[in-house]
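Subject: Structure handover

Hello,

Here is the structure for you to look over. My notes follow below it.

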Amino acid sequence: MNLDFTQITSSIPYILQGIGVTLKIVGIAALIGFFLGTLLAICKIGKVKALIWFADIYTSIFRGTPLILQLLIIYYGTPQLLGIQVEAYIAAILAFGLNSGAYISEIIRAGILAVDRGQQEASMALGVPYSKMMKDIILPQAVKNILPALVNEFITLTKESAIVTVIGIMDIMRRSYIVGGNTYRYFESLLFAGFVYYIMVVVLTMLGKLIEKRMSRSD
């Protein structure tokens, strides 16, 4: 095997510019997913059957279909259904955010159910409103318990973000593919892209562990 990374050396800065694109998509999508996942989790543990059914159906659809299919439907299907052309960047954020919300809802639901039920009963006995109880008492403890799972979801989003290349977004993968086409060194450019993703995942993992340690010290 004849590997020659010197052929892509001058294009490395160009590939690295895709890191910012990837992080923006993943970061905004993660925020959307967390907010949506929290709402869905609250619906799932509530007593309104219509909301429970809606949350369960939503989760089933987005967890039961490929993410790339959801991305393509939003990007290519929206103009046909609504007559609106969605920008690739917006389509990627929506697809990742909606998909992530389904997974995070299950994570948060499990975290809420893991909190001692006695705290909820005590809050209700003291007359604390349900919304305030969830916001100030239950959810903070739940998030603390599920932090590793949330970090894993963020890492998964980071890796899966590579599929946005199919709709032309200039992320890490797309740029490495372009470099491979220009230099005829696809293997080297793709290996370098893989190395970049690996470093990003390692950094995110370390940050997650650091946050987890700091939160554990506050106990």
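Which residues does S176 touch, not counting residues up to four places away in sequence? They are I15, S189, L190 and A193, where a contact means heavy atoms within 4.5 Å.

Before the rest, the ground rules. This is a predicted model, in which local features need pLDDT of at least 70 and side-chain atom pairs count only at pLDDT 80 or more, while totals for chains, interfaces and linings use all residues. Residues are numbered from 1 along each chain as its sequence is written, and side-chain values use heavy atoms, with hydrogens and water left out.

**S176**
S176 sits in helix 8. Helices (H or I, at least four residues) and strands (E, at least two) are DSSP runs, numbered from the N terminus. S176 is buried, at a relative accessible area of 0%. Buried means under 20% relative accessible area, exposed over 50%, and partly exposed in between (1.4 Å probe, protein chains only). I15 lies 161 residues from S176 in sequence, yet their C-alpha atoms are 5.7 Å apart.

**T165**
T165 is in the loop between helix 7 (130–160) and helix 8 (172–183). T165 is buried too, with a relative accessible area of 17%. Leaving aside residues up to four places away in sequence, T165 touches D171, M173 and R174.

**The chain**
The chain has 9 helices and 0 strands. Its pattern along the sequence is α-α-α-α-α-α-α-α-α. The C-alpha atoms fill a box of roughly 70 × 50 × 25 Å along the principal axes. Of the 219 residues, 39% count as buried. Among contacts with a separation of 6 or more, 76% come from residues 24 or more positions apart.

**Helix 3 and helix 5**
Helix 3 contributes Y58, T59, F62 and R63 to the contact; helix 5 contributes L98, N99, A102, Y103, S105 and E106.

Regards
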